[in-house]
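Here's a quick briefing to read with the model open beside you. It starts with charged pairs and then moves on to cores, helices and a loop.

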Amino acid sequence: MSLDTPRTEPGPGRLTAHEARQRLEHERASRLTQLRALDEAGPTEGEQVMSAQRATVRRVLGEIEAAFARVQDGSYGSCRGCAKAIPVERLEILPYTSLCVPCQRRQV
């Protein structure tokens, strides 16, 4: 089933493209807000911590952008490790994930 199916008819266990984009837009906005807050905090004694936080936020922003590309090319919601569908519950919590839980555990 396509991710472009209308919201009233999502496939079983799948997000529509619209729902995926909404979740990803929210995640992107949240991360950009975090990044702005970190940048506005200025230099502090904990600069090393702030630098690590900035790097983490930038990494997640990259993952969000990659998820937008997967929505566009139709591969969003498919695990890049095993090619099975990522459960919708996982995508609701972590909309930019590209791996199912078992594949994610194998990566760690």
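R28 and E65 meet through their side chains in a salt bridge, with N to O at 2.7 Å; the term means a side-chain nitrogen of Lys or Arg within 4 Å of a carboxyl oxygen of Asp or Glu. R28 sits in helix 1 and E65 in helix 2 (residues 47-73), so the pair ties together parts that are 37 residues apart in sequence. This is a predicted model, in which local features need pLDDT of at least 70 and side-chain atom pairs count only at pLDDT 80 or more, while totals for chains, interfaces and linings use all residues. Residues are numbered from 1 along each chain as its sequence is written, and side-chain values use heavy atoms, with hydrogens and water left out.

**Salt bridges**

- E65 is partly exposed, at a relative accessible area of 38%; buried means under 20%, exposed over 50%, and partly exposed in between (1.4 Å probe, protein chains only).
- Salt bridges with shared partners join E25, R28 and E65 into one network.
- The structure holds five salt bridges.
- One of them pairs the side chains of E92 and R23, at 3.8 Å from N to O.
- That pair links distant parts of the chain, with E92 in helix 3 (residues 88-93) and R23 in helix 1 (residues 17-41), 69 residues apart.
- Both partners are partly exposed: E92 has a relative accessible area of 39%, and R23 has 29%.
- E27 also forms a salt bridge, with R31, and their closest N and O atoms are 3.2 Å apart.
- E27 and R31 are four residues apart in helix 1, so about one helical turn separates them.
- As background, an α-helix has 3.6 residues a turn, so residues three or four places apart point the same way.
- Are E27 and R31 buried or exposed? Each of E27 and R31 is buried.

**Overall layout**

- The chain has four helices and zero strands; helices (H or I, at least four residues) and strands (E, at least two) are DSSP runs, numbered from the N terminus.
- Along the sequence, the pattern reads α-α-α-α.
- Of the chain's 108 residues, 36% count as buried.
- Among contacts in the chain with a separation of 6 or more, 46% come from residues 24 or more positions apart; a contact means heavy atoms within 4.5 Å.
- The chain's accessible surface is about 6,900 Å², and 53% of it belongs to carbon and sulfur atoms; such areas come from the Shrake-Rupley method with a 1.4 Å probe, and for residues only the protein chains shown count as cover.

**Nonpolar cores**

- The largest nonpolar core has 18 residues, and those with the most contacts inside it are L24, I64, V71, Y76, C79 and Y96.
- Such a core is a set of buried Ala, Val, Leu, Ile, Met, Phe, Trp, Tyr and Cys residues joined through side-chain atoms within 4.5 Å.
- Helix 1, helix 2 and helix 3 are the elements that give two or more residues to this core, and helix 2 gives the most, with five residues.
- Leaving aside neighbours within four places in sequence, Y96 is in contact with L24, E27, R31, V60, E63, I64, A67 and R70.
- A second, separate core of five residues includes L38, M50, V57 and L61.

- Buried residues of helix 1 include A17, E19, A20 and L35, and their cover includes helix 2.
- Helix 2 has 27 residues and reaches 39 Å from first to last C-alpha, close to the 39 Å expected.
- Among the buried residues of helix 2 are R54, F68 and R70, and the buried residues of this helix pack against helix 1.
- After helix 2 comes G74, with a positive phi near 85 degrees.

**T97 in its loop**

- T97 lies in the loop between helix 3 and helix 4 (101-107).
- At 5% relative accessibility, T97 counts as buried.
- Which residues does T97 touch, not counting residues up to four places away in sequence? T97 touches R70, I86, R90 and L91.
- The T97 side chain makes a polar contact with the side chain of R90 at 3.2 Å; this means a pair of N or O atoms within 3.5 Å where, within protein, one must be able to donate a hydrogen and the other to accept it, and residues adjacent in sequence count only if both atoms are side-chain atoms.

Conventions: The expected span of a helix is 1.5 Å times one less than its number of residues.
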